[in-house]
Amino acid sequence: MNSKLYNQTVPTNQLWYVTTNNKPLETSNDSFDVNIVSNVYENGLGVITFDAPLVKIRGSVGRWSSHLRAVYLPDSIEVVGDGAFSCNDGLREIKLGKGVKRIECCAFRGCKRLMSITIPDSVVSIGISAFSGCTALREVNFGPNSSLREIEGCAFLHCANLTVVELPENVVSVGPSCFLGCGSIVEFRGRMATDDGLALIDDNGAMVGFANGCGLEEYAIPEGVKEVISGVFSNNYALRSLTFPKSLRNVSGSSNFLDCEHLKEFKGKFASKDGRCLIWRKRLLAVLLNGLTDYSIPQGVKYIDAESSFVGADNLKSIAFPEGLREIVLPLWCEYKPLSCVVYPSTLTKFDIFDIYMIAPGVFSKLHIFKGVEAPKTCRYCYLGLKGSTILVPKAGFKAYEESLLSGLQYVDATLFKEPGYYPVDRYDGDWGVDNDASKLNTRVEVELIGVEL
């Protein structure tokens with residue numbers, strides 16, 4: 001830290017900065033709520049002068065600059081706006097003025113060299129992803145008279161070097177995935193922290209943080225916790241067993257157990273008999289596939305959706321869904337290496353995908369077996385998620401699946417069929433528009449549909 005500059009008072013109509021190339025920072029009036037009068041760099045210091053006191057930074061101050069090293073703000077600033085300093089991967093030091101009230105969405109996202117920051121007592125809210133991707137961040141300091149009440153979701157996402165987090169007493173809200181990817185945290189402090197410092201629990205009984213760097217192999221969530229918010233246990237590389245209390249009502253989010261590579265057992269409320277699944281109101285909350293090559297989802301599950309966590313599918317070769325399952329959204333495990341087989345039950349009525357962009361990596365299984373005679377309802381792009389694979393369906397339902405397949409594959413040109421049952425599909429374009437011009441089908445993948453006795 002440059003203590004000499006840090007301890008000086010910046011005039012209200014100026015912003016000071018330091019660059020590594022000793023040149024003025026490229027910026028524009030669009031970044032501020034007042035007009036720039038001058039921008040000069042002399043004697044190792046850059047000074048932007050405005051025609052009035054600076055109250056808000058709207059965004060993109062030197063964005064993507066690797067030369068911006070330090071920034072010193074005047075006390076007149078009340079809002080550090082959306083993306084104000086995002087992606088300045090050379091930024092090491094930032095002094096926020098004493099009047100800042102809000103740090104908005106992505107304000108410092110991706111500032112990979114920022115190691116420490118002091119949040120003024122005046123700040124009442126920290127926005128979504130405000131410090132996400134600040135991978136070198138080790139210290140977030142709050143004053144004894146902090147007014148902070150709200151930290152929104154993903155605020156410290158992937159701040160992998162945070163070790164101790166002490167939240168001010170006034171904080172009443174911590175958003176989902178706030179500390180997702182913070183695998184080095186060993187202790188929480190402050191009013192929300194549990195006595196052992198391992199968890200953050202808000203006034204509504206929601207668990208919003210866990211010290212994933214503590215090294216525990218077994219952990220029992222305290223009785224009284226009603227909900228586990230998304231991302232709480234992500235990037236925990238030690239945890240092997242997790243016990244849920246009787247008070248629990250829900251486990252939310254699909255990223256709760258992301259990269260929990262040794263977690264193999266759930267105990268307590270919602271746990272399945274084999275300890276591999278969390279099941280709530282017939283909906284699959286999570287399944288632990290670590291160490292497994294083949295797995296069958298337990299009976300009783302009727303719904304698998306975008307919030308279902310599929311954990312540790314790296315070694316998985318096949319998976320079967322139970323009879324009685326009605327709806328499924330292709331989950332995140334399709335991003336891992338391809339499976340050899342996926343079996344869908346005869347009761348399936350809805351077949352969908354979590355995100356149309358998930359299909360981009362390619363096939364996630366070589367073989368899909370649909371047992372139902374009636375083809376499940378599907379979205380327009382769903383079968384693109386099966387590209388390059390073989391689909392086995394009952395002979396009696398072949399026509400229904402063929403019609404469903406054709407309605408989903410909007411890029412199919414019927415004149416290009418090489419033989420019955422093979423469907424050439426164009427790679428999707430940016431606007432997902434329909435294009436039947438054969439000359440534009442420059443990338444083709446095949447889906448093989450076969451009717452068999454099941």
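**How the labels come about**

Modeller: Start with Asn256, whose side chain comes to 3.3 Å from the backbone oxygen of Ile229. Keep in mind that this is a predicted model, where local features need pLDDT of at least 70, side-chain atom pairs count only at pLDDT 80 or more, and totals for chains, interfaces and linings use all residues. Residues are numbered from 1 along each chain as its sequence is written, and side-chain values use heavy atoms, with hydrogens and water left out.

Colleague: What does Asn256 touch, leaving out residues up to four places away in sequence?

Modeller: Its contacts (heavy atoms within 4.5 Å) include Val228, Ile229, Phe233, Val251 and Ser309.

Colleague: And Asn43, what makes that one buried or exposed?

Modeller: Its relative accessible area is 83%, so Asn43 is exposed. You'll find Asn43 in the loop between β2 (36–42) and β3 (45–50); strands here are DSSP runs of E, at least two residues, numbered from the N terminus. Phi of Asn43 is near 55°, a positive value in a residue other than glycine.

Colleague: How do you know whether Phe270 is buried or exposed?

Modeller: Phe270 has a relative accessible area of 15%, so it is buried. Phe270 sits in the loop between β22 (265–268) and β23 (277–280), and its phi is near 75°, a positive value in a residue other than glycine.

Note on methods
Helices (H or I, at least four residues) and strands (E, at least two) are DSSP runs, numbered from the N terminus. Buried means under 20% relative accessible area, exposed over 50%, partly exposed in between (1.4 Å probe, protein chains only). A polar contact is a pair of N or O atoms within 3.5 Å; within protein, one must be able to donate a hydrogen and the other to accept it, and residues adjacent in sequence count only if both atoms are side-chain atoms.
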